[in-house]
Amino acid sequence: MRIVFSCGGTGGHINPALAVADAVRRREPNTAILFIGAENGMETKLVPREGFELRVIKAQNLRHSLSPSAFVWNARTMALMRTSLRETRRILREFVPDIVVGTGGFACFPAVYEATKLGIPSLLHESNAIPGVTTKLLAKRVERVMVGFEGVENAYPRPDRVIVTGTPVREAFIYMDKEKARASLELDSRPVVASFFGSVGARDINHLFVDFIRNMGEDFQLVHVTGRLGYTWMTQELSRLSIPFGAGKPAKLLEYAYDMPSLMAAADLVICRSGASTLSELTVSGKPAILIPSPNVVADHQEKNARKLAETGGVEVLPEGGLNSSRLLKQTKTLLHNTEKLDKMAEALHRAAIFDSTERILELIKRFRKGSLAR
């Protein structure tokens, strides 16, 4: 079998594809797997790191703004589209896949669109509670739309072609040992809080966490992932203010969590955004969380994701607007001191988890791949 995975932009689009691709590689090692992504996207780091071949195209996202700079950016995006479609068509003709699986992001559109034009069976995964721009544009063209949440079928033009699969995560999120994870991160027996806000980072959140670290005390340990654009500033700012951090200190900073399963396993409580891929990782890991949805995403989908998961009782939601470090620190300590509540939150998340998401997607790949008799 020959499979193309197409994804890009954020880890939330890339990691589900990697989870499925890894499962295919382990179970059917003779399968040829190719990723198609954008030349400047995170996929250029994450995909090769996992040992998969990646072909890149010239593509960039749309900016949802009426500003002059956004207009210029979007004009370039549309100009690049013809090039990206042409590049993708050539890649598909060379690789000759049996199926194309898109997991979202702007880099996903050319591959799935061209595959449907070439008659190659295609599947599309939407992890968020509401469909993104790419999903809306492609939903009518693909064999099936796979979704991460139940009860969202009517948001699509062909509800009969929507299948709830959940959002796949790597098996390590389910089976990682807590003590081994803590040892790998050089953490001791005190409660651990893990905080992360995307691969790039969130400037205002990093500013908030400077005060959070200043006042957190030594009752618990914090591993804060700054993101690519925040690490240098935050380390310099903490040093300038003489706030201790690093190995052996209550707070530790990482630029990027390449081993997210270990970080999640080590934590007693997580503070993070509410991207759908992250929420799926929280549920299968059974990790209570304080969610701070990003206010800067299309259609406010992180807020919708967060509220949907909050219905289970496994997470608490704090809007970013008006949030300060003292309120977040108070909420954090209140939860850490209430172990009974944390246990109940963990149980609620496990009940909400879809543990066989990867299996469901693998079955659809087998069903719809070119030449399959099981459609």
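**Close-up views of a predicted model**

The side chain of serine 122 comes to 3.1 Å from the backbone oxygen of isoleucine 120. The model shown here is predicted, so to speak of local features asks for pLDDT of at least 70 and side-chain atom pairs count only at pLDDT 80 or more, while totals for chains, interfaces and linings use all residues. Residues are numbered from 1 along each chain as its sequence is written, and side-chain values use heavy atoms, with hydrogens and water left out.**View 1. Serine 122 in strand β5.** Serine 122 belongs to strand β5, which covers residues 122-126. (Strands are DSSP runs of E with at least two residues, helices are runs of H or I with at least four, and both are numbered from the N terminus.) Is serine 122 buried or exposed? Serine 122 is buried, because its relative accessible area is 2%; buried means under 20%, exposed over 50%, and partly exposed in between, with a 1.4 Å probe and protein chains only. Beyond its neighbours within four places in sequence, serine 122 is in contact (heavy atoms within 4.5 Å) with residues including Ile99, Val112 and Glu143.

**View 2. Histidine 224 in strand β9.** Look for histidine 224 in strand β9, residues 221-225. Histidine 224 has 0% relative accessibility and therefore counts as buried. Its side chain and that of asparagine 206 are joined by a polar contact of 2.8 Å. (A polar contact is a pair of N or O atoms within 3.5 Å; within protein, one must be able to donate a hydrogen and the other to accept it, and residues adjacent in sequence count only if both atoms are side-chain atoms.) Not counting residues up to four places away in sequence, histidine 224 also touches others, among them Ser195, Phe209 and Lys252.

**View 3. Helices α8 and α13.** The axes of α8 (residues 203-215) and α13 (residues 325-336) come within 9 Å and cross at roughly 55°. Axes are lines fitted to C-alpha atoms, for helices over the stretch in contact, and angles run from 0 to 180 degrees between N-to-C directions. The two helices, α8 and α13, are therefore oblique to each other: under 35 degrees is roughly parallel, over 145 roughly antiparallel, 65 to 115 roughly perpendicular, and the rest oblique. From α8, the contact includes Leu208 and Phe212, and from α13 it includes Leu328 and Thr332.

**View 4. Arginine 351 in helix α14.** Arginine 351 sits in helix α14, residues 339-352. With 63% relative accessibility, arginine 351 counts as exposed. Threonine 278 is 73 residues away from arginine 351 along the chain, and their C-alpha atoms are separated by 16 Å.
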